[in-house]
Amino acid sequence: MSESSLSRTALRTDTVLSAGELLGPLSRPLAEWLPRQRWFAGKGRPISGFALVAATGLLPCDGTGDAPGLIHLLVRARQSGSDAESADCYQLLLGVRDAASPLPPVDDGSLIGRLSGGPLHGRVVHEALHDPLLAAHLLERITTPGSLGPLRFRLGPDATAPRGLAPRPLAAEQSNSSVVYGDRYILKLFRRVEPGVNPDLELPLALARHGSRRVPAPTAWFEAEVPAPAGDRSEVAAGPEAVSVSATGAAVPVGTADTQDVKGAAVAVGTADTARPPAGAMTLGVLQPYLPGCRDGWQLALNALAERRDFTAEARGLGRATAEVHTGLARALPTCVLARDALESTAAAMTERLDAAGRAVPELRPYRPGLRDAFRALAALGRYGHTCHAQRVHGDLHLGQVLSGPEGHWSLIDFEGEPARPLAERRVPQPVVRDIAGMLRSFDYAACQRPWAEPDARSGTGSGSRAGSETGSGEEFARRWAAANRAAFCAGYAEASGSDPRDEATLLRAYETDKTVYEVLYEARHRPTWLHVPMSAIRRLAAAPPHP
Ligand SMILES: Nc1ncnc2c1ncn2[C@@H]1O[C@H](COP(=O)(O)OP(=O)(O)O)[C@@H](O)[C@H]1O
Ligand SMILES: O=P(O)(O)O[C@H]1O[C@H](CO)[C@@H](O[C@H]2O[C@H](CO)[C@@H](O)[C@H](O)[C@H]2O)[C@H](O)[C@H]1O
């Protein structure tokens, strides 16, 4: 798409949709489509309604001409247990086209529905990222600095705006959605969004400014200025007073009907958003260079296991890369020292997470006494006068978050942290062992996948199958493989940082236990057939000798 499409957007402000007009007809199809998305966080709880946070027209939707329209939408999905203010907020990009014009060549999953009623009556609405024309426009919009309604588009230092690159949505969607442009750039759109800067922008930007070679530096990003939720005025920042709502980029206040139930009837009219202060920038998406010819650590590890190959050189290199990133983050961003109170409250929070996970996953319950010992030992460290350095960390480091380049150079990606945790919590400085524990767990995960060709050991298929008999020689190899890689990773970390994580056994055990508890909950929720993987580590960790 050319320069002209942006000016076309700016000029066509004649067809302004109010929040009610837009959400009303959209509510019902959206309530059916949203829970089917991999990134929808509220699985298992029906959506009872939507509250509009902001709607911005990126391309006109007035039905003139053949070109599809494009709406950027921030919407809260109300579910049982959440009101309109506390409900999760999602970012959507909606393509809008005539029912007569063919959908782009996409899978059926991107069709949201044909609207009935309102100014878009009869028009078809679909997920826009699968439409090459709309995805191309998005790249142009994002890399053109400026504002549109509540949206702010920023270009990184020394970055030039890429143009004319063919988009390709990434098939392996996880917590977010990504589009690759001409194998040169990758745009990641955050799906469940919160006010505040996302660490997946903040950390790579800080590392890049300090010259790190271990992360792709953000090229461009975009954010929204949105009002703070009622009762939360803690993150007030300077900015415009009201969210703009328009289907063609025109600014109108949200003070009209902005909450809809799924049947499309207005259930709340005239909330006081216009009077509410903005919460500050909410990061919506980041464009960064695409690292061509890379393989992720998870695939490489599984390949090595399948061929019964040593992986310790790679694991050692990964330890060095992780240490370099940690050193860079400690230089670039605030650090602190955790003393008695902080260590005790960290241990208490870990114990609470264990108890919560135990309530949700019955299999975990018998092991709680043994696991709690790891957290008691962490609290005791503080009482004995130990302190611990804390700094910004990756927060969810595992083999799927590291990419190996053609010469075996490791890069780290996806600094978002554990997506289920609140943003504020993910941005708190933490001991580096948190990341180290994550990667150590990942070697264990890989070893449980049984990707080798061994007919008796593969009964029930490779990835995701139950562990079954432990007598096969593949099992024995995998156990030794995991132990060797865990050691090599720590050795590499020690080489680059000067401190060996294994010397901090109590800290490491507590963080590894906490991570494994997180994994039990994650697998129970998202991949129940994988639950046996963290459970085998739970049994080992719970049986570890008690702290003296
Ligand atoms: N800079 C990059 N270069 C090449 N591939 C990338 C890059 N960033 C991400 N990817 C690929 O995209 C996938 C998803 O990215 P990620 O940031 O982990 O998204 P999510 O938060 O949805 O898990 C990764 O597993 C990786 O394969
Ligand atoms: O990659 P995400 O940021 O979406 O992280 C979540 O999903 C991961 C799985 O895709 C999950 O990681 C767990 O499974 C991995 C293998 O698939 C394994 O390498 C990790 O060690 C294990 O924790 C991650 O915990 C979750 O937050």
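Biologist: What share of the contacts with a separation of 6 or more comes from residues 24 or more positions apart in the protein?

Modeller: 72% of them. Keep in mind that this is a predicted model. The secondary structure comes to 13 helices and 21 strands.

Biologist: How many residues does the protein have, and what percentage of them is buried?

Modeller: There are 548 residues, and 54% of them are buried. The protein exposes about 22300 Å². Carbon and sulfur atoms supply 54% of that area.

Biologist: Let me look at α12, then. Is K515 buried or exposed?

Modeller: First place the residue: K515 is found in helix α12, residues 505-526. K515 has a relative accessible area of 9%, so it counts as buried. Leaving aside neighbours within four places in sequence, K515 is in contact with D396, E418, G438 and R441.

Biologist: Now the ligand. How many residues surround ligand 2, and which are the closest?

Modeller: 14 residues surround ligand 2. The closest are S175, D396, S442, Y518 and E519. By type, the shell divides into 5 nonpolar, 5 polar and 4 charged residues.

Biologist: Which helix gives the most to the shell around ligand 2?

Modeller: That is α12, with 3 residues. Both α10 and α12 supply at least two residues each.

Biologist: Which side chains have an N or O atom at 2.5 Å, 2.9 Å and 3.3 Å from an oxygen atom of ligand 2?

Modeller: Take them one by one. For Y518, the distance from a side-chain N or O atom to a ligand oxygen is 2.5 Å. For Y522 the corresponding distance is 2.9 Å. For H398 it is 3.3 Å. Now turn to area: taken alone, ligand 2 exposes 530 Å², and the protein buries 92% of that.

Conventions:
Residues numbered from 1 in each chain as written. Chains lettered and ligands numbered in written order. Predicted model: local features only at pLDDT ≥ 70, side-chain atom pairs only at ≥ 80, totals over all residues. Heavy atoms only, no water. Helix = DSSP H or I, 4+ residues; strand = E, 2+ residues; numbered from the N terminus. Buried < 20%, exposed > 50% of the residue type's maximum accessible area, 1.4 Å probe, protein only. Contact = heavy atoms within 4.5 Å. Areas by Shrake-Rupley, 256 points an atom, 1.4 Å probe, with all protein chains shown as cover. Near = heavy atom within 4 Å. Polar contact = N/O pair within 3.5 Å; in protein donor to acceptor, adjacent residues only side chain to side chain. Nonpolar A, V, L, I, M, F, W, Y, C, P; charged D, E, K, R; others polar.
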